[in-house]
Structure formats: C-alpha cells, structure tokens
Amino acid sequence: MIKYSLRTRMMILILAPTLILGILLSTFFMISRYHEFEKQVINAGSSIIEPLAIASEHGMIARNRDNIRQLINLLHHRNNPIIRAITVFDKDNKFFATSNYNYNSTQLRLAKNHPIPHSLMLTHRGDSLVLQMPIISEFHLSRDYLQPNDVIAPQTQTLGYIAIDLDLKTVHLKRLKELLISILLLLFCLCIAVLLTYRLIQDVTVPIHNMVNAVDRIRRGRLNSRVEGNTFGELDTLKNGINAMAMSLAAYRKKMQHSIDQATFDLRNTLEQIEKQNVELELAKKRAQEAARIKSDFLANISHELRTPLNAVIGFTRQTLKTALTPTQVDYMQTIERSGNHLLSIINDVLDFSKLEVGKLALEQLPFLLRATLDEVIILLAHTAHEKGLELILHVNQDVPEQVVGDAMRLQQIITNLLGNAIKFTEKGSIDININLLCETCQTKDEIKLAVEIRDTGIGISETQYPQLFQAFGQADASTSRRHGGTGLGLAITERLVKKMKGTIGFSSQLNHGSTFVFNIALTLNENTLDQAASMEPLANKHLAYIESNATAAQATLHFLKGTPLQITHRSTLKQLPQQHYDFLLIGIAVPSALNQADHREQLITALEMADQVILVLPSQLQVEAEQLKQAGAKACLLRPISSNRLFPLLLAKNGLDPLIPQKKPDPVARFPLRVMAVDDNPANLKLIGTLLAEQVEETIVCESGAKALLMARRKRLDIILMDIQMPQMDGIQTSQLIHQIPHHQNTPIIAVTAHAVNGQRDYFLSMGMADYLAKPIDEALLRCTLSRYSRLKNHLPNPLVADHPVFSPPSRSCDTTLGVTTWAAKSLDWPLAIQQAANKEDLAYELLSMLLGSLPLITKQIQDMMNKEQNDENTHAAILSLIHKLHGSCGYTGTPRLQQICLTIESQLRQKIALQQLQPEWLELLDEIENVTQAAQQQIDGLQHRC
C-alpha cells in the first residue's frame, strides 16, 4: 500500500472534489446549452415553414409560381443567416419554385415513392437541418362547407410540400464559444482552489514539519530543542504539548543521570568484590576439576585392580564346582560365586554410572532377535522369582516385530534392573511383563517404539519416596534396619539408558498394593535380514490341550498360540479336561507347587494316556526332576514362564522340523558361476570372507587394500565385488567410485560390507553408488542369497526364493544375575558363537581365534605406550582409531562379544574426537578384557589340541 504524505493527501482531498464538481457542472451546462441551441433552430424553422405552408395554399391551388416565388424570397431574405434555400414541390414531388436557384434543390426533394409527410418532418444532413412541411388545402380540412352528399377525393387534400434547408454552422460556433467559456471558468476556479489549498497547506504542514523535526531532535537526545513558529487552533495546543514534554524529559534525564552516576559508583564497588569472588571460584573450580580427575583415575584404577582378581576368583570357583566336592563344599563354592558376581555387578554399576555421568556410554546398533533377548532375561530371573514363590508372566503382543536393530545388552540391562527390583520387593503374588508396540509414535517407517510394562504385587512405594526414586545412590528405605540391599544405582542407570535410547520411563505405585514401571524405547527394524518364521502348516488339524491354573499366565500363552492352526482346549486342572485323545498336552505346574514327586509322576501317567506328547512347564524348584520326568514319558520340560521361542520347536519337532532351519538346503557342492572379489584390510575378516566365497562361487579373489583392488579390477572382469567400507589410505567408497570409472566395470555390482547396521545406512550406501550392503559378521545365508540374486540377474533368471536358504539367527547375549543385582558381562570367549560366525567350521574358527590371539600382545603394547606417553596429536588419534577398528572387526568373527562391545564403545568415542586421555577407564577395561580373552582363548586352544 502506497503511503502518501500529509501535503499530498491535503492536495488530493481539496482539489479532487473541486475539479470533479467543476467538470460535472460544466458538462451539465454544455449539454443543456447544446440541446437548447438545437431547439432554438428547430423553433425558428418551424415558425418560418408553418406560416409559409399556409400562405402558399392559394398559390398552389392557382398554380401561380410568381406568387409562391415572391413569398418564399421574402422569407428567405428576412432569415438569411440561417436559411440556405426554400423550395416548393407540388403534390407529384416535382419542383415548383425555389428562393435560391444556385442551390441544388434535389437535395430537398423527397425520395421516390416516399409519401408526402402529413406534418412537419426534420432531417439532419451534416451541417444542415432540412424541414419539410405539407401544403394542405384549408377547404378540404374543414367539413363545414361540405354538403352531406359531397364526395372528397383524398388526393386533392395535399397540394405539395415546402422544404427549407437551415445552416447549422452558426449554431456550432455558438456551441464552441460556450464550451470555451466553460473551460476558462473551470480553470479559473481551479486556480483559485489551488491557491487556497497551498495557503492551507502552508498553515498546516509547515508547523507539523517543524514539530516532527523537533521531536526527532528530542529523540536523539537534544532535549533543549523547542517547536518555533506561529500556529493556531489544535496545532498550537500540540506545539505547547511537545515543548512541555521536552522540558519534562530534560528534567527527567538530569535526575536519571544523577541516579546512573550513583549506580555506577555502587556497581564499581560490586564488580571489585565479584572479581575477587571469581578468582576464588576459579581456584575452587580447578581444585574441583583436579578432584574429579583424581576420582575418575581412582575409579578406573580401582575397578581395574578389583576386576582382575575378582574374575580369577569367579573363574576358579566355577572350575572348582566342576570337580568332585562334598555338598558342604559345593554350597560354600556357590556362595563364593554368588558373592563374587554380586561384587562384580556393583563394580559394573559404578562404571556404567560414571560413563553415563560424563556422556561416554555409547549404544551399539546391532541386529538381534527381540523375543529371544527378552526370553533370556526372563529365564535368568525366573529362578530367583520361583524361589520366593512368585509367578513370572511374559506377554509379547503379536504385532511386536522379531528382527530389530539396537543395543540388546542395554535393553536386557534395563529389564533386568526393573524386574530384579520387582522380585526383590515382592513377597507373594506375581509379576507381569507386557511388551507392546507404539506405532503412532514412530518417526520414520523403519523406526518402532517398544513399550514395556512391569507390574508387581509387592510392597509398593509411598509418595514421600517418589522424589529420590531415580536419584543415584538413593534408597527408598535408607535406614540401618532396611531389609533390601543394593547400591542405589539401578534405577538411576535405567532412567539414563532409557533416555539414551530415545525413550521415557515412568511409574505408578501404591503402598502395600504393588508398583508398575512403564518405559518405551526406540528401535529400528532390521531391513537386512531374511524371514526366519517357522512354517506352522504341520500343526494343522492338530489338537493341543493346555492345563494352567493361573489365568494371567494362561492368557499370555493362549495369545501366541492363536497364531497357529492348532485346535486349543484350555482348562484349569487335568480333571476338568474332556476325556478324549489329544496330539499335544501342555501342563503348567503352579508356583509354588504343592505336589511332590510321586504326584507329578501320577499326573504324568494320566496325561500320557490322553495325549501323544506331553510337555511339562515347571518352576525352577522342580527342574531337578526334569530328567526323571522325561524318562517317565514326558517329551520335554520347560521352565516357567512359557515363551514361543521354546515351545514352538517342541511342537514341530515330532515332524522332524526345526523352525530355525528350513527343510530345503542348498547343495553345498553347487557353486554360482561368478568371479567375486572381496576387499578388506583385516586379515581375519578377509580370510573368513574368502572361505565363505570359495564354497559358493567358482572363482574368488581377495585383496587387502583399496589400491590392490583397483589394480585387480583393471586387469580382470569381475561379476560382484564385496567392499569393506573403512580402510586406510583409500576407503571403500572412494575405491568403489574409481572401479566404476573403469569401462568394463561401470555396471558391476559392488556390495558394501559394514560392521554397523544403523538406520539409514542402506540408503546412504545406495546413494554413494553401492548396489547393496551386508552387515558384519557376514551371515552365510544372506551372502548366498545375495550371490544367488545377482547370479540370476546376470543370467536373466527369475528371482530366487529367499526361503530356500538357511536363515541366520543372531547370537544371543548372556548375563549373570543375582537377586536384585545385575552383572553385565558377556562371555569373554563364546566358542559356539565363534563356530557359528566361522560358517560352522571349527577348524576355521580355531584359525581365526589363533590369529586374534597372536595380534593381542602387539595391540596391548601399543595401547600401553599411548597411555604412558599421553600423546593426543592427530596422527596418534588416527592410528589408535584404526587399531581399535581392526580389533573390532576381528572380534566379530572370533566369538568375543564383550571385547567387541568395548571396542565399539571406544571407537564411537574416538570418532567424536574425544581426547585419548579422557578414555582412561575404557582403556583399562579394554586391557582387562584382552587379558581375559587371552586366558580363555588359550584354554580353548589347549583343549582343542588335547582333544586332537
């Protein structure tokens, strides 16, 4: 919108109405005069032609041309200025007489076959106005002289007509004169209005402009400015108000300046005091930082010193338990082991809390099986719960996915802390664990929100204890007579772990009525996995009877059984079951069980008469009878609570099916007609990949660097390339881009091999030119599926069926737990896992472990040198990062999950440019674990050599 000045607005508002009004009046005047002139001419012509028509009657009757000519000449001369010619025509439209023989009289003649008008007729022709009037006999017009029998001929009534041509030029001149006069009057009035407006503007805008300038000077601090000049009316009032305001501001500024001077003086004194305090605070801060550093060093060193002998105590205790001991000695050894685990869990809790405090705890992003992970926690804690007579109930909703990516160990730690507390503070009743999916909170299509609810029937928490519940080293009952022990770090660590996993935690509780803890965490769907769901078709038309007295436990079991084609019959007791034959009979023994061993055998005999296969679900106290019950006829004995991971394989086992291994297996001899090159800078990784490829493709080429891979790609044509991403000098992305520039490798698929299955990794590699990616450790089934897909694409064959290949089950983690306390220490050496990671080849696993064992002394020496020299330059940082990355990759193929986890944590911190000296607790923990791995690996190798 255009903003006009006051001067412009006044000009517009004053002159515009004047101009519009003058134009309207002038237009009205001109139109009126125009019609008035025309009417005057018509009246003048009418006053000439009408008497002339009457006077010409006798001449036309007598046909006396001279008489008519004299008459029209007389009238012509009298009205000469406006008459051009007067012409008389007879009734036959023939020329009779005219007053101007120089005038073309035919212009006044009526057109042929045009009747003579009965009255005055006007015709405009340019600058002329033609009037035509009939000459009518008065005798025929009056019927008073006619006899009744006389007949009047119509053609004798009109004797002819007179035509007069009037000149309109004079009229036009008068009109133009009137128009000119009107325009001059309008301009004159407009000039007068402009003068008056200018005068008004000068009287209004000039004082206002002076006021604006004065106000602007006052705004800039010149408070002695005043508005000058003569004003009137409201402007004079405004001027006086501005001058008064300026005087008030000047007085206020003088007063304010005095106050500022006084405040400045006081502030100077205060700043001097603050400066002294800042110096003291800086000294105190340095002392606090030094104390924190000493505390961190002390914590790292003391944990190092404690963990080393403690691991030996626990290890030799377990070894001693394997020997022949008396019952009393076994009890003593088990007490020592439990105490050692308890002490180790306290050390780990303190270390975890310290890492969370300084933000050094990194979460790993690795694929895992969700239900199997949850089942591990429940099984480990079930013994403690059953010893107290508590029922554990696990309910996992059907829509919760199985294949996810995240930190399985930390998820187990969260659940174990909460579940351990629930067991610790519950004396009777049950503990329910509900797992649900919160799809409405997902940020991306690959991300899920997992909601976990743990509800107990324990002692509850009073409202006064709520504030310190999630505080470190806080106890709901901190008195010396408290019944339940602990460090007070469990819930504090749990809350911070949940927040790091993009979730929230909350609780509700009522004293003596139990507590409910609810938390949710973010996980990622595993997009790089095969569907390992077992086929339930063999269970079609099968009938399963389920005996369970606990309604909540029965509901949880029936929930996942509904997803099968089984016919299910549920009763609370065996006596209530209809007497018929069943394919399966699932019997749940209550916790605590009031039956003795004889009762169990009697119940089993009754069940075997009703079903082909009987599966018993026992509490932990009855697990000692499991083998005897199996010998008595039971197909299997499961630990309460039931889970689908443990039940479904038993139901399918009768038909020779293993839900984790498909029926169809690829021919181990059949190889794909492909030439595949594998590139990896880690010798152990490269050896394993080469071994896996040698069994599946016709020709395998291995390269330990990007430069050698580029050279080999230029020499040979390759069908597929497996490319490690992180390599020194030339990484996998750069190497792949250079290979694609080679003419015969522009369309060669290059598959990225990475150790991290983080969200969005696949899209990133595809955007960088990769065809696909595989996560380390490489799964043999996924590798074969990938090779099969590209082999068929090369040969234009239909897409392969993924289900025709064996499916990889991610390795599970183990944790050791006691009542209310968790020890998060994965095995230093998991030999079954190592064999699985080596494509189920024990000799290859032995070779890979030997290679790792041979590299550990050099790695230990380099880390110790780094810690002693305390160097933190970029070269040292990059060298240590490369060293840890290689060690991390080697751990993925040798069954050392804890060492792999520590390497992942340190690698994540190093990539964030954290100084090497700030990771001293991690370095000590890494050295401890290297020592543990060395001892465990040496024992395993010695055992293998002795066996051979």
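Does E178 count as buried or exposed, and at what relative accessibility?

1. E178 in helix α5. The model discussed here is predicted. E178 lies in helix α5, which spans residues 169-219. Because its relative accessibility is 18%, E178 counts as buried, the cut-off for that class being under 20%. Leaving aside residues up to four places away in sequence, E178 touches F29, M30, R33 and F37.

2. Helix α11, its start and its buried residues. Helix α11 covers residues 551-561, and its buried residues are A553, A554, A556, T557, H559, F560 and L561. At the start of this helix, a side-chain oxygen of N550 comes to within 3.1 Å of the backbone nitrogen of T552.

3. What covers α11. The cover over the buried residues of α11 includes the strands β7 (391-396), β13 (543-547), β14 (567-571) and β15 (582-588). Helix α14 (644-653) is also part of that cover.

4. Helix α14. This helix is largely enclosed by the rest of the structure, because 7 of its 10 residues are buried. The buried residues are S644, R646, L647, F648, L650, L651 and L652. They pack against two helices, α8 (370-387) and α11. They also pack against the strands β13, β15, β16 (611-618) and β17 (636-639). Strand β8, orientation and burial. Strand β8 runs over residues 403-406. Q403 and V405 point one way from the strand, while V404 and G406 point the other way. All four of these residues are buried.

5. Partners of β8. Strand β6 (residues 366-369) pairs with β8 in the antiparallel sense, over 4 bridges. In this pairing, V404 of β8 is the bridge partner of F368. β8 also pairs with strand β12 (residues 515-525), again in the antiparallel sense, here over 2 bridges. On that side, V405 stands opposite T524 of β12.

6. Helix α22. This helix has 18 residues, 874-891. From its first C-alpha to its last it reaches 26 Å, close to the 26 Å expected at 1.5 Å a residue. Its buried residues are T876, H877, I880, L881, L883, I884, H885, L887, H888, G889, S890 and C891. Three histidines, H877, H885 and H888, are in that list.

Definitions and conventions
Residues are numbered from 1 along each chain as its sequence is written. This is a predicted model: local features need pLDDT of at least 70, side-chain atom pairs count only at pLDDT 80 or more; totals for chains, interfaces and linings use all residues. Side-chain values use heavy atoms; hydrogens and water are left out. Buried means under 20% relative accessible area, exposed over 50%, partly exposed in between (1.4 Å probe, protein chains only). Contact means heavy atoms within 4.5 Å. A polar contact is a pair of N or O atoms within 3.5 Å; within protein, one must be able to donate a hydrogen and the other to accept it, and residues adjacent in sequence count only if both atoms are side-chain atoms. The expected span of a helix is 1.5 Å times one less than its number of residues. Two strands pair if DSSP finds at least two bridges between them.
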